[in-house]
Amino acid sequence: MPTDPARALITTWSDHLRTAPRKPRIALAEGTDPRTLWAAARLAEQGAVTPVLTGDPTRVRELAADLDLKLPEDPEALDILDPAALAADPRCTDALGEALAARRRLTTHDRRELAADPLFLTATALRLGDVDGCVAGSDRPTADVLRAGLYVVGLAPGIRTLSSSFLMVLPDGRALGYGDCAVVVDPTSAELADIARATATTYRQLTGERPRVALLSFSTKGSARHHQVDRVRDAVRLLRAAAPDLEADGDLQYDAASVPAIGRAKAPASRIAGHANTFIFPGLAAGNIGYKIAQRVGGATAIGPLLQGLAAPLHDLSRGCSGSDITALALATAVQATVSGPDRPSHTR
């Protein structure tokens, strides 16, 4: 559940969204989950986005009433996507069929099941531009959400790596970017460079601050010799070649990257050491463990995982999420939708 510092950041997002030319429509794919219903009611009340629930409309409203939640009837305040109607809509079925046609390993049975899956139908609405972003996964495994993203939404032009990051809001109010903590298990140097660029973009979008990127290792500036250190150092070289304006350095240990005095002692020539706000872990084991230590021991609020590299914002929830977590991630998704590039399909409802 978001802490007070995280709530301050979320309020900033809401204020930003209220100045947008129109309210972003953010799909909540598990529309009959009580936590999702609570989040949708809260989002509708706040008025910064239009929550769009996926589910049978009658069932959705019955469940909401059972929970004493008031869902607006005005579709500009809250909308509902009926999976049965989507599955019968030629515009939707054609788009989903086209997306799945590229997945040659899928069997006919697989395609039939996915064509009726509410998660994949919601992702199709995102592909078509009927919604601006999507939050899913409160009752689905991360693998299902990743497949919906890759199969239906697809990677953005020029992107090679689907990855993720968390926005970690510390008790003192500082926000840090952590990547990758949920998707790429054992990244190559090229993938680490991609993850660094994507995490920096996510950090800038959600905080408005300039990212200062540290590629982490158990070594600082060659203090240890190992092929895992070499992979990080190679990633730094690739990153600098691909994004010369991005402030980044590595290999850096976490303390050298984050504590000014230690950064000066261990890497005096580095402009990033001691001042990083975006941290790239060398693999999923380190990243996943690291964000959970920061969350459970350090008291940080973890917003995410935020998927990176898709053609439109689609983000994954932990199945242990709260309604407040869903609300926060929906607002983050909306902020990203308002700052995404011009290649997004326009909303045509």
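This is a predicted model: local features need pLDDT of at least 70, side-chain atom pairs count only at pLDDT 80 or more; totals for chains, interfaces and linings use all residues.
User: What marks the start of α7?

Analyst: There, one looks for a side chain that approaches the backbone. A side-chain oxygen of D117 comes to within 2.8 Å of the backbone nitrogen of L119.

User: Why is helix α7 described as largely enclosed by the rest of the structure?

Analyst: Burial is judged residue by residue, with under 20% relative accessible area as the cut-off. Helix α7 spans residues 118-128, and eight of its eleven residues are buried, so the rest of the structure largely encloses this helix. The buried residues are L119, F120, L121, T122, A123, T124, A125 and L126.

User: Is T199 buried or exposed, and which helix contains T199?

Analyst: T199 belongs to helix α9, residues 189-207. Its relative accessible area is 1%, so T199 is buried. A polar atom of the T199 side chain lies 2.8 Å from the backbone oxygen of I195.

User: Which residues is T199 in contact with, leaving aside its neighbours within four places in sequence?

Analyst: With those neighbours left aside, T199 is in contact with S164, S165, G177, Y178, G179, T278, I280 and Q308.

User: Which residues form a nonpolar patch on the surface?

Analyst: A patch is read from nonpolar side chains joined within 5 Å, each residue having over 30% relative accessible area. Here I289, I293 and V297 form such a patch, and together they have about 320 Å² of accessible area. Of these, I293 lies in helix α13, residues 284-296, and is partly exposed, with a relative accessible area of 47%.

Conventions:
Residues are numbered from 1 along each chain as its sequence is written. Side-chain values use heavy atoms; hydrogens and water are left out. Patches are made of residues with over 30% relative accessible area and no salt bridge: like charges are joined within 9 Å, nonpolar side chains (Val, Leu, Ile, Met, Phe, Trp, Tyr) within 5 Å. Accessible areas come from the Shrake-Rupley method with a 1.4 Å probe; for residues, only the protein chains shown count as cover. A salt bridge is a side-chain nitrogen of Lys or Arg within 4 Å of a carboxyl oxygen of Asp or Glu. Helices (H or I, at least four residues) and strands (E, at least two) are DSSP runs, numbered from the N terminus. Buried means under 20% relative accessible area, exposed over 50%, partly exposed in between (1.4 Å probe, protein chains only). A polar contact is a pair of N or O atoms within 3.5 Å; within protein, one must be able to donate a hydrogen and the other to accept it, and residues adjacent in sequence count only if both atoms are side-chain atoms. Contact means heavy atoms within 4.5 Å.
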